[in-house]
Amino acid sequence: MNIIDQLSEIGIVPVVVIDDADDAVPLAKVLKEGGLPCAEITFRTQAAAESISKIAEELPDFLVGAGTVITKDQVDLAIESGAKFLVAPGFDQEIIKYAQNKGVPYIPGVCTPTEIQNALSLGITDLKFFPAEAFGGLKTLKALCGAFPQIRFMPTGGISLDNVKAYLQNEKIYASGGSWMVKSNLIQEKRFDEILKLTKQAAKVVQDVKSMKNKIYL
C-alpha cells in the first residue's frame, strides 16, 4: 500500500504545529490511540525537524509527514528527519521535481485550474486543496473535478468536525487535513486527554463514512 493509499485509509490527517519537540512523541501516541496514526508536522517552527525525527525513531509504524515544505533545503531536512511524505500549501514546479527525484511523495497545494494542469503535466493526480473553505469548499472542488476527473484532493483549511464528514463523503477526496484536534494551545498545555477525545471523534467520522459507503456498494 503506497503512502496516498495509507492516508486514504486513515481518512483525516492531523496538521500539527509543534513548538517543543518533547511534545512530539506523546502527541503521536495519543493520535495513534485515538485512531488517526498519522500527522503532518508543519515546518512553521524550529522544532519541526526534531519532532519528525523523534516520532520516526520511536514510532516507526506511525505515518509522519512534513508540511509547509517550500524549499529544497526543507525537502532535504524533512527526508533526513524521517518524513514519509511531504506537503506544501502551494505549487512550485522546481521544488516538486526536486522532491520527486528524492523518491518521497510530495503533495502540492492547488486551488486553480492552471495549477491542476501544471500538476498533471508532472504526473501528479493526488493534490492538496488549500485553503479549502476560503476558496469555495466542496462547491469549488466539485467544479474542478468536473473539469479534471482524474484528480483527487486532500482539502485543508477551515475543515472542522462540523464539515469534515461532508468532504469525506465525496469520492474525489482521498483524505482531509485538519488541525482542530491538535490546536497549538492544547499541545503547549499538554492537554493530551482533550486531544485524545477530539481525535476519537474525528476517527469515528471516518468510520461512519466508510460504513455508509460500504452499504451503498453492497
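I looked up T68, which sits in the loop between strand 3 (63-67) and helix 4 (72-81). This is a predicted model, so I take the angles as computed. Phi of T68 is positive, about 55°, although T68 is not a glycine. Is T68 buried or exposed? T68 counts as buried because its relative accessibility is 18%, and the cut-off for buried is under 20%.

**Another positive phi.** K190 also turned up: its phi is near 55°, a positive value in a residue other than glycine. I found K190 in the loop between helix 9 (184-188) and helix 10 (192-217). With 46% relative accessibility, K190 counts as partly exposed.

**Cis peptide.** Which two residues does a cis peptide bond join? I noted F130 and P131, with omega at about -10°. P131 belongs to the loop between strand 7 (126-129) and helix 7 (137-147).

**Rings.** While at F130 I checked what lies over its ring. The charged end of K128 does, 4.9 Å from the ring centre. I then went through the aromatic pairs and got a count of one.

**Core.** I asked how many residues the largest nonpolar core has. The number is 78, and L86 and F153 have the most contacts inside this core. Helix 10 gives the largest share of the core, nine residues. I followed up F153 and listed what it touches, leaving out residues up to four places away in sequence. Among them are V110, I116, L127, L141 and L144, plus K172, I173, Y174 and A175. K128, the lysine over the F130 ring, is also one of the residues F153 touches.

**Strand 1.** Next I checked how enclosed strand 1 (residues 12-16) is. Five of its five residues are buried, so strand 1 is largely enclosed by the rest of the structure.

**Partners of strand 1.** Which strands does strand 1 pair with? One is strand 9 (residues 176-178), in the parallel sense over three bridges. There, I12 has S176 as its bridge partner. Strand 2 (residues 38-42) also pairs with strand 1 in the parallel sense, over two bridges. In strand 2, I41 is the bridge partner of V16.

**Crossover.** Last entry: I traced the chain from strand 1 through helix 2 (residues 24-34) to strand 2, and these make a right-handed β-α-β unit.

Note on methods:
Residues numbered from 1 in each chain as written. Predicted model: local features only at pLDDT ≥ 70, side-chain atom pairs only at ≥ 80, totals over all residues. Heavy atoms only, no water. Helix = DSSP H or I, 4+ residues; strand = E, 2+ residues; numbered from the N terminus. Buried < 20%, exposed > 50% of the residue type's maximum accessible area, 1.4 Å probe, protein only. Phe/Tyr/Trp six-rings, centres within 6.5 Å; stacked < 30°, edge-to-face > 60°. Lys NZ or Arg CZ within 6 Å of the ring centre and 35° of its normal. Core = buried A, V, L, I, M, F, W, Y, C linked by side-chain atoms within 4.5 Å. Contact = heavy atoms within 4.5 Å. Pairing = 2+ DSSP bridges. Right-handed = clockwise from strand over helix to strand, strands pointing away.
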